[in-house]
Amino acid sequence: MTRWASARVLGLRVRLLLTFGLLGVTTTAVVASGSYFQARTVILQQAQDAAVMSLTEQLTKVYPIVQLPPTQDDLTLLAQRLSDREGYAVVVYRDMWAQGGTEIVDPLTPELRREVGDGRIAWQRVSRDGQPWLLIGTQLQLDQPDGASRSSGLEVYAVRSLVPEQQSVDRLATRAWLTGGLSLILAVLLALLAARGVLRPVRDLGRAARRLGEGDLSTRLTVRGTDELADVARTFNDTAGTLERQVGELRRMESDARRFVADVSHELRTPLAAMTAVTDVLDEEAEHLPGDAGRAARLVSRETQNLTQLVNDLIEVSRFDSGTARLALDDVDVAAAVTASLRIRGWVDRVRAELPPAVVARLDPRRLDVIVANLVANAFRHGAEPVSVRLSADPDWVTIEVADQGPGLDPQVLPHVFDRFYKADTARTRSEGSGLGLAISWENARLHRHGDRRGSLVADNAPGGGAVFTLRLPRDTADTGGAR
């Protein structure tokens, strides 16, 4: 159960959805991530370049520095002149510093100051109170009369807010997520379309195979397209057509064989009736015939009786095969019917019978007699005495058990006990019975049915030894004709 449930959960549709979804998500993640990081780098680089250019232009406007070292007022004035609406400036000279912004906060980091102190233009992105900032620093140089320049010791830092750029980056991230979601939805839709295109012929093939297995040999598939699934449909149709022809031929041959057996059996009844009349005379005269003549007369009489029984059994089997066997139902006292069957054959004294009275069932008394007679005769023939017949009943079923004290049935024989003409000892080419008695008994049991309750005949071995045949019949059999 678990295996089938797991296979159902991980069916082809689910696998296609997972594959397309994973492919879509992976592709979107790679493309969106690459685009996001590239755009982020471009935005920040543009902001940095713009800030450097703005700082350079502003420094050009405030040159030259009037005096060095500057006073605190000079630093404050310079910081205010370098500040604008996009950011503010911080001017540092040794231990003095001034800020052009309204907030007196030192945003500079030791790392940035070290790089600027080494005479390089440096930049750094920092976060203050959850807000991103861009810091750009440089050291002003003084021109010498000889054309050389030297450090003035005056450091200028531009502080620019990166909130607009961060908002742009956030919008890019949001678009990347939306793109990923839309790509996933598109991948799922594509997977559904692909699954529909692939699974529809597969489901059609499954339904056709089930109908074919149920016996509808005319089942065919509609071939669409020229792909591999179309080839599978054509192969299925070719196979179904071949199977239909072969099964039709086998059914025709089986029908001919059954009709032949039935016709031969019916044709043999007339000469057998005449031979039976002759054997009756031979039976009367056998005692008066000398030696071999008497034994021959008795042999002819016995074999004629066996042949008559065989022909009657074959006619009965042909009725089962053709579906014309019918029940003659009556309300039967089962104990009395079983006792009568034993008495007619002279078995009353040889059988241990446990037959409780007042067990009434609606069934066919003739077929019950055939079943009981075959089971008891089989016990005498292949088992060992004493043979017992036990009757029991409940509101729905009547059960009759026939047991013997013989060696029992070989486990390899049990599955074939009710097969026609089956003999446990294959070395015996001749036996007292026709090999049809148990098969006919099994068919007679199955003819009795009521709703979903159907008669049965089962063979088994008793725990203490010996074979046990158990017959179960519905107490209220309905006439279903020759339904099999």
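Axes here are lines fitted to C-alpha atoms, for helices over the stretch in contact, with angles running from 0 to 180 degrees between N-to-C directions. The model is a predicted one, so local features need pLDDT of at least 70 and side-chain atom pairs count only at pLDDT 80 or more, while totals for chains, interfaces and linings use all residues. Residues are numbered from 1 along each chain as its sequence is written, and side-chain values use heavy atoms, with hydrogens and water left out.

Start with the pair α9 and α10. Helices (H or I, at least four residues) and strands (E, at least two) are DSSP runs, numbered from the N terminus. Two packed helices are described by the angle between their axes and the distance between the axes. For α9 and helix α10 (residues 437–447), the axes come within 9 Å and cross at roughly 145 degrees. The crossing of α9 past α10 is left-handed, a label used if the near helix is turned anticlockwise from the far one by less than a right angle, with right-handed for clockwise. In contact terms (heavy atoms within 4.5 Å), R367, V370, I371, N374, L375 and N378 of α9 meet a set in α10 including L438, I440 and N444.

N378 sits in α9, which covers residues 365–382. At 14% relative accessibility N378 counts as buried, where buried means under 20% relative accessible area, exposed over 50% and partly exposed in between (1.4 Å probe, protein chains only). Neighbours within four places in sequence aside, N378 touches G383, L438 and F469.

Next comes α5. Just after α5, G215 takes a positive phi of about 110 degrees.

Most residues other than glycine have a negative phi, and most peptide bonds are trans. A358, in the loop between β7 (351–354) and β8 (360–363), has a positive phi near 65 degrees and is exposed, at 65% relative accessible area. The peptide bond from E385 to P386 is cis, with omega near 5 degrees, and P386 is in the loop between α9 and β9 (387–393).
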